[in-house]
Amino acid sequence: MFGYIRVYTPDLRVSEYETYKSAYCGFCKQLGRDYGQLWRFTLSYDFAFVKLLLEGLKEGKVTACKKRCIAHPFHKRYCMACDDSDRLLSAAAVLLSSAKIADNIEDSRFFGRLFWKFIAFITGFSVRKAARDFPLLVQAAGDLTKAQKQAEHHEQVTRDRAADPTGQMMALFFEQLSPDAVQKRILHELGYQIGRYVYFIDALDDLEKDKKKGNFNPFLLGMHREWSQQKQEIKAGALATINRCIGGAIEAYELLEIHHMKKILDNILYFGLQTTAKTVSEKEKKQTQQEMEIN
């Protein structure tokens, strides 16, 4: 994923924030063991949320211990314990990063495309390993990635149609987090809404760049006036769409039976998602203000 699912730090106690970081650090080490140390540099805090959700659904005790890290060699960090169920998250991290690389190849120009093709080449072994470990999951993810491209190039494309494959992909991953049939249905809906949230907020984040480069962006569909005249209206509509995804995710989340980590998960769903969306939507305004202050 892309780093858009984070906590709202001011609302967390120190112990809760340390637990949050331990989920990231524990899964980071697990990803390195499963697919190689290079993949640890691709990890975002989105997967801390998924790791916490996975642990929160379990009834057993959650443990953590201090370990050294290549990024912090002089101070040990708390790492949340991982087990076989985390191998699914590792495969998901590889697949989603691979999908992002493919998207970058599609959107980049000559030299950028060469760079991302090189990255795809050196990471191809890990993608093939994920395919051996979780063949059905990888096949379904591959089909949905193709569906994503087809949706974006469809002559009758809409925002919802463009976001649907990413939502379905995340729904597929999330429903694997619990063996319980009822929980699976709820997790499917939660994953679907989270997938749409990530797709739309990434589109909002790339809005200016996509407009300049002529890349596809769901929020640029149907634009009928000059960019300078319609820009704020488009951004307001984008934020409204993202907030509807957050509302749908919260409705599904409230139906889950959470045994641990509830305060941190509540923080992310109720405050973190919306704060990140607001930060992204106001990014250009802050950049403009900084430029004015410098001048």
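Q: Which helices each supply at least two residues of the lining of the largest pocket?
A: They are helix H3 (86-107), helix H5 (135-152), helix H6 (159-174), helix H7 (181-205) and helix H8 (207-213). A helix here is a DSSP run of H or I with at least four residues, numbered from the N terminus. The model is predicted, so local features need pLDDT of at least 70 and side-chain atom pairs pLDDT 80 or more, while totals for chains, interfaces and linings use all residues. Residues are numbered from 1 along each chain as its sequence is written, and side-chain values use heavy atoms, without hydrogens and water.

Q: What makes H3 stand out in the lining of the largest pocket?
A: H3 gives the largest share of that lining, eight residues. The pocket has a volume of about 670 Å³, and 35 residues line it, with Asp103, Lys149, Glu152, Tyr199 and Asp202 the closest to its centre.

Q: How do the residues of that lining divide into nonpolar, polar and charged?
A: There are 15 nonpolar, nine polar and 11 charged residues. Asp, Glu, Lys and Arg count as charged, Ala, Val, Leu, Ile, Met, Phe, Trp, Tyr, Cys and Pro as nonpolar, and the others, Gly among them, as polar.

Q: What lines the largest cavity?
A: The largest cavity is lined by 11 residues, of which Phe47, Val50, Leu89, Ala92 and Phe173 lie nearest its centre. The lining divides into 11 nonpolar, no polar and no charged residues. H3 gives the most, with four residues, and helix H2 (46-57) and H6 each supply at least two.

Q: Why is Cys82 called partly exposed?
A: Buried means under 20% relative accessible area and exposed over 50%, with partly exposed in between (1.4 Å probe, protein chains only). Cys82 has 25%, so it is partly exposed. Cys65, at 38%, therefore counts as partly exposed as well.

Q: What is the bend of H6 at Pro165?
A: H6 bends there by about 30 degrees, the angle between axes fitted to the seven residues ending at a residue and the seven starting there. Among the buried residues of H6 are Pro165, Gly167 and Phe173.

Definitions and conventions:
1 Å grid on protein atoms, 1.4 Å probe; cavity = no way out; pocket = protein on both sides within 12 Å on 5 of 7 lines; lining within 4 Å. Points joined across faces, edges and corners; volume = space filled by probe spheres on them.
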